[in-house]
Amino acid sequence: MRSCLSIHFFRISAFIVTAVTVMLLGSAAHAATYTVNVGPDNTYSPAQLTVSPGDTVVWEWTGLMPHNVVSGTGPTDPNMGVEFDSGIPVAAPKTFTHTFNSIGTFDYFCTPHVMFLMTGVIDVVSGGIAVPSMDTWALLFAVLLIGMLGLFWSGRFSKA
Ligand SMILES: [Cu+2]
């Protein structure tokens with residue numbers, strides 16, 4: 001009975017280590033998608049977002065007020081709408097998607113409500129590959145060690 005339990009415990013710990021490792025590697029390899037709410041009031045939420053190159057931002061309209069998402073600092077910005085532009089202001093439901101491939105600070109605003117400070121910013125920073133912290137590795141090692149001890153004990157008891 002005891003050896004069965006130990007082998008079972010080892011299998012569970014090995015599974016946990018494998019699952020966590022796959023999750024860590026997966027999160028490092030795949031680009032992320034973020035959502036910014038447009039409205040319901042004259043706000044973007046969150047107004048500031050930090051992403052990594054290759055990440056995608058989905059703006060999701062939430063209210064009855066017509067809004068849009070236009071890159072630039074405002075109507076006087078000569079580069080207004082160059083990076084991205086969701087089009088004419090509309091009410092929900094609508095989504096607008098943009099993938100940020102280059103590093104930089106990307107201001108954007110709502111054409112009819114920029115005067116009410118309806119502005120947002122996407123900061124694209126080079127995060128590199130997400131390296132797990134030492135704590136994570138220590139935890140994984142501890143789980144594996146406990147599992148191996150369980151296997152060792154199961155071996156002792158099966159011989160006895
Ligand atoms: Cu607006």
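Two strands pair if DSSP finds at least two bridges between them. Helices (H or I, at least four residues) and strands (E, at least two) are themselves DSSP runs, numbered from the N terminus. In E4, Trp61 is the bridge partner of Val38.

This is a predicted model, in which local features need pLDDT of at least 70, side-chain atom pairs count only at pLDDT 80 or more, and totals for chains, interfaces and linings use all residues. Residues are numbered from 1 along each chain as its sequence is written.

## Overall layout

The chain holds 2 helices and 8 strands. Along the sequence they follow the pattern α-β-β-β-β-β-β-β-β-α. A residue is buried if 20 or more other C-beta atoms lie within 10 Å of its own, exposed if 12 or fewer, and partly exposed in between; C-beta atoms are placed from the backbone. By that rule, 19% of the 160 residues of the chain count as buried. Two residues are in contact if their C-beta atoms, placed from the backbone, lie within 7 Å. Among contacts between residues at least 6 apart in sequence, 61% join residues at least 24 apart.

## The open sheet

An open sheet is built from 4 strands, in the order E2-E1-E4-E6, with mixed pairing. Its edge strands are E2 (44–45) and E6 (95–100), each of which pairs on one side only. Strands of a sheet pair through backbone hydrogen bonds, either parallel or antiparallel.

Both senses occur around E1. Strand E1 (residues 33–38) pairs with E2 in the antiparallel sense, over 2 bridges. E1 pairs with E4 in the parallel sense, over 6 bridges. Val38 stands opposite Tyr44 in E2. Asn37 has Ser45 as its bridge partner in E2.

E1 and E2 form a hairpin with 5 residues between them. Gly39, in the turn, has a positive phi of about 85°. The peptide bond between Gly39 and Pro40 is cis, with omega about 10°. Pro40 lies in the loop between E1 and E2.

Where does Asp55 sit? Its place is in strand E4. Asp55 is buried, because it has 20 other C-beta atoms within 10 Å. Leaving aside neighbours within four places in sequence, Asp55 is in contact with Ala31, Ala32, Tyr34 and Phe100. Asp55 and Ala31 are 24 residues apart in sequence, yet 5.0 Å apart in space, C-alpha to C-alpha.

## Strands E5, E7 and E8

E7 has two pairings to report. With E5, the sense is antiparallel, over 2 bridges. With E8, the sense is antiparallel, over 6 bridges. Val70 has Phe109 in E7 as its bridge partner. Gly104 stands opposite Val124 in E8.

Phe109 also has contacts beyond its neighbours within four places in sequence: Val70, Gly72, Gly74, Val114, Met118 and Thr119.

## The nonpolar core

A nonpolar core is a set of buried Ala, Val, Leu, Ile, Met, Phe, Trp, Tyr and Cys residues joined through C-beta atoms within 7 Å. The largest one has 15 residues. Val38, Val51, Val57, Val69, Phe100, Phe109 and Ile122 touch the most other members. Strands E4 (55–61), E7 (104–109) and E8 (119–124) each give two or more residues to this core. E4 provides the largest share, 3 residues. In soluble globular proteins, nonpolar side chains tend to be buried together.

## Backbone features in loops

| Feature | Value |
|---|---|
| Gly39–Pro40, cis peptide bond | omega about 10° |
| Ala92–Pro93, cis peptide bond | omega near 5° |
| Leu117, positive phi | phi about 60° |

Pro93 is found in the loop between strand E5 (70–71) and E6. Leu117 is in the loop between E7 and E8. Leu117 has its positive phi although it is not a glycine. Is Leu117 buried or exposed? Leu117 is exposed, because it has 11 other C-beta atoms within 10 Å.
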